[in-house]
Amino acid sequence: MKNTSKWTHDLLTFGTTIVALACVAISGRYLMSDTNEHHAEMPPAAAKVALETATFGSGCFWCTEAVFERLDGVSRVVSGYAGGEVENPTYEQVCSGATGHAEVVQISYDPAMISYAELLEVFWKTHDPTTLNRQGADMGTQYRSVVFFHNEQQREEAEHYKKKLDESGAFASKIVTEIAPMGEFYAAEAYHQNYYAQNPYQGYCAMVIAPKVDKFKKAFADKLRKSD
């Protein structure tokens, strides 16, 4: 009788062990299933925005930068020099007119939010493109009106827009804006970057840039960043 009881006890113990192992296996299967389902439902990583580049010169780059950095869809504006022959020119060299560079801004923008044609519209409507090598009191080749195109599509759009403006009589005189291929771009010295925002009460900023920015904001209210 004692042997029978031991056999029964061993059988029950074995059965309990089998059930426990089965439960563990089932739990593991459901856990793995939940994990797989969780990974399957995770959204894919956000696609990296493909930014494009535009480069314009429309007089003093402090003014041009202050305008374009306020546009929705523009992620970065860098003041600099382009269109000259001297490598790594300084501000003083460019101001002398001897290097051939123009003061420009290089713009990084999201074409899904703002098109190149819209940038051209802002460019031509926020300076006088009919005065050769001059914007207001700023005179010299470094202040010329210029579009530096980065590809064939930009060239075609710029030439088309320029021709359209001339034919429409939008300006009293013929547009003299240069349209040229983009070469080497040199970022201006650090103190030129974001100049208007950093020096709003400086004489030139208060008397020249501020009125221009106010006029721009009224004309392009629908294209401004929400913060502006």
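**Contacts, cores and charge pairs in a predicted model**

Beyond its neighbours within four places in sequence, Gln-142 is in contact with Val-94, Cys-95, Gly-97, His-101, Ala-102 and Glu-103. The model is predicted. Gln-142 sits in the loop between strand 5 (138-139) and strand 6 (145-149). Its relative accessible area is 5%, so Gln-142 is buried, the limit being 20%.

The protein as a whole has 7 helices and 8 strands. Of its 228 residues, 37% are buried. Among contacts with a separation of 6 or more, 76% join residues 24 or more positions apart. The exposed surface comes to about 13500 Å². Carbon and sulfur atoms supply 58% of that area.

His-192 is placed between strand 8 (185-187) and helix 6 (195-198). With a relative accessible area of 0%, His-192 is buried. Leaving out residues up to four places away in sequence, His-192 touches Phe-61, Trp-62, Glu-65, Ser-79, Tyr-81 and Tyr-91.

Nonpolar packing was considered next. In soluble globular proteins, nonpolar side chains tend to be buried together. The largest nonpolar core has 42 residues. Phe-56, Phe-68, Ile-107 and Leu-119 have the most contacts inside that core. Phe-68 touches Phe-56, Val-74, Val-77, Val-105, Ile-107, Leu-119, Val-122 and Phe-123, not counting residues up to four places away in sequence. Another core, of 9 residues, lies apart from the largest one. Its members include Val-146, Phe-148, Ala-180 and Phe-185.

Aromatic rings form 10 pairs. In one of them, the ring centres of Phe-216 and Phe-220 are 5.6 Å apart and the planes meet at 35°, so the pair is tilted. Phe-216 and Phe-220 are both buried. Elsewhere, ring pairs link Phe-56, Phe-68, Tyr-116, Phe-123, Trp-124 and Tyr-161 into a cluster.

Charge pairing was the last feature examined. Side chains of opposite charge can pair when their charged atoms come close. The structure holds 9 salt bridges. Arg-70 pairs with Glu-69, with the closest N and O atoms 3.6 Å apart. Both partners are buried: Arg-70 has 14% relative accessibility, and Glu-69 has 18%.

Lys-223 and Glu-118 form a salt bridge at 3.8 Å, N to O. Lys-223 lies in the segment after helix 7 (203-219) and Glu-118 in helix 4 (residues 116-125), so this bridge ties together parts that are 105 residues apart in sequence. Lys-223 counts as buried at 15% relative accessibility, whereas Glu-118 counts as partly exposed at 25%.

A further bridge joins Glu-121 and Lys-125 at 3.2 Å, N to O. Both residues lie in helix 4 and are 4 residues apart, about one turn of the helix. Lys-125 is exposed, because its relative accessible area of 51% falls over the 50% limit. Salt bridges with shared partners join Glu-118, Asp-222 and Lys-223 into one network.

Conventions
Residues numbered from 1 in each chain as written. Predicted model: local features only at pLDDT ≥ 70, side-chain atom pairs only at ≥ 80, totals over all residues. Heavy atoms only, no water. Helix = DSSP H or I, 4+ residues; strand = E, 2+ residues; numbered from the N terminus. Buried < 20%, exposed > 50% of the residue type's maximum accessible area, 1.4 Å probe, protein only. Contact = heavy atoms within 4.5 Å. Areas by Shrake-Rupley, 256 points an atom, 1.4 Å probe, with all protein chains shown as cover. Core = buried A, V, L, I, M, F, W, Y, C linked by side-chain atoms within 4.5 Å. Phe/Tyr/Trp six-rings, centres within 6.5 Å; stacked < 30°, edge-to-face > 60°. Salt bridge = Lys/Arg side-chain N within 4 Å of Asp/Glu carboxyl O.
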